[in-house]
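Please keep the sequence and the model in view while reading.

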Amino acid sequence: MTPVSLLFPGKLRRIVSFMTGALAGFAMDAQEVANSGETLRLIESRGYLRCGVDVGLSGFAERGADGVWRGFDVDLCHAYAAAILGRESAVRFVPLTTAERFDALAAEEVDILIRNTSWTFERDVGMGFDFAGIAYFDGQGFMAPADLGITSARDLHGARVCVQGATTSALNLADYSATHSLDMQTLEYPTATAGLEAYAAGECDVYTNDLSSLAGLRASLENRDDHILLPDVISKEPLGPVIREGDAAFEDVARWILISLIAAEELGVTAENARAQAENNPNREIRRLLGAEGNFGDRLGLDNRFALRAIEAGGNYGQIFDRNLGSASPLQLRRGLNAQWTEGGLLYAPPFR
């Protein structure tokens with residue numbers, strides 16, 4: 001007999017396995033319970049979303065002196081809370097280091113992880129997690145003192161390199177070093193901030209991390225103009241929201257909230273005009289997105305205005321990007337790959353249809 005795992009891929013395989021076990025009289029295990037939409041019900045009964053974020057990364061997730069969390073990832077968490085619970089404030093931020101993040105998610109200490117986490121085969125298939133999409137297209141690079149005279153990562157033979165441990169950055173560095181026969185001395189640190197402090201103290205010659213992280217870390221240096229980002233990009237780092245594997249219903253919720261923010265930018269829907277667009281715009285896709293037509297929210301276990309609330313919480317994808325990372329932020333990052341597909345980028349929202 002052909003195994004079920006070969007006949008039915010992905011979500012369908014989980015559903016068939018669940019039905020087979022039930023017919024055989026087996027009790028549902030934790031994953032099967034999750035597949036029934038348990039995560040969403042727990043969030044709703046609790047009354048707030050637990051969002052795992054970075055312990056402190058400029059532009060993405062940072063707690064100010066006033067105690068308020070701000071950043072790109074933080075605004076995404078607010079959008080999720082608004083979509084699911086009706087209030088952008090219905091969120092608890094759980095700061096997690098790279099070493100803590102996956103254990104915390106697996107142990108159900110957070111409902112969703114939104115903290116510069118790269119989508120890889122091992123994390124998706126081997127570790128029991130699902131990625132709800134790509135929120136930021138990144139790549140790994142290097143920061144070096146301008147007076148060091150380095151113009152390329154190929155010049156790093158014999159260099160001391162600071163890197164954050166328990167990340168794809170450390171693995172990518174090892175691959176790059178081996179591929180190009182570079183005898184680097186790798187120094188690992190538990191957080192991005194610890195790595196930056198070591199770099200600033202001269203413990204290493206260069207610092208490697210995702211380029212978005214390096215831009216934020218460089219901006220925090222007192223003498224930022226004395227440091228440069230090398231032109232080399234040595235990896236692909238698709239960053240996105242992560243949930244526990246097995247809850248197909250919540251995976252759909254997490255995916256389509258993110259898609260709604262991306263689609264809103266493409267369609268010209270902003271935090272300021274979303275409600276008027278829902279009431280007056282004859283464009284049927286905009287009306288479906290904003291809940292004025294169709295029953296898309298109902299099919300997710302939410303109400304039909306979920307996307308409208310997500311957009312009103314902090315704006316569409318472009319507004320969130322510009323405020324935290326782009327032209328209206330200290331980082332001044334270009335959109336690049338994170339531009340809409342109509343502008344030469346990779347953002348491409350499936351249609352609300």
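## Cavities and disulfides

About 70 Å³ of space lies in the second largest cavity, where a cavity is a set of points, on a 1 Å grid over the protein atoms alone, at which a 1.4 Å probe fits but cannot get out, and a volume is the space filled by probe spheres set on the points, joined across faces, edges and corners. Of the 13 residues that line this second largest cavity, Asp 73, Asn 116, Ala 135, Leu 239 and Gly 240 are the closest to its centre, lining residues being those with an atom within 4 Å of a point. Helix H5 (residues 72-85) gives the most to this lining, with three residues; helices (H or I, at least four residues) and strands (E, at least two) are DSSP runs numbered from the N terminus.

The model is predicted, and local features need pLDDT of at least 70, side-chain atom pairs count only at pLDDT 80 or more, and totals for chains, interfaces and linings use all residues. Residues are numbered from 1 along each chain as its sequence is written, and side-chain values use heavy atoms, with hydrogens and water left out.

The linings can be set out by class, with Ala, Val, Leu, Ile, Met, Phe, Trp, Tyr, Cys and Pro counted as nonpolar, Asp, Glu, Lys and Arg as charged, and the others, Gly among them, as polar.

| Cavity | Lining residues by class |
|---|---|
| Largest cavity | no nonpolar, eight polar, five charged |
| Second largest cavity | eight nonpolar, three polar, two charged |

The search of the whole structure also finds two disulfides, each a pair of cysteine sulfur atoms within 2.5 Å. Cys 51 and Cys 77 form a disulfide with their sulfur atoms 2.0 Å apart, and the torsion about their S-S bond is about -70°, so this disulfide is left-handed. The pair links distant parts of the chain, with Cys 51 in strand S1 (residues 49-54) and Cys 77 in helix H5, 26 residues apart.

Cys 162 and Cys 204 form a disulfide with sulfur atoms 1.9 Å apart, and their link, with -105° about the S-S bond, is left-handed. Both Cys 162 and Cys 204 are buried, meaning under 20% relative accessible area with a 1.4 Å probe and protein chains only.

Definitions and conventions: 1 Å grid on protein atoms, 1.4 Å probe; cavity = no way out; pocket = protein on both sides within 12 Å on 5 of 7 lines; lining within 4 Å. Buried < 20%, exposed > 50% of the residue type's maximum accessible area, 1.4 Å probe, protein only.
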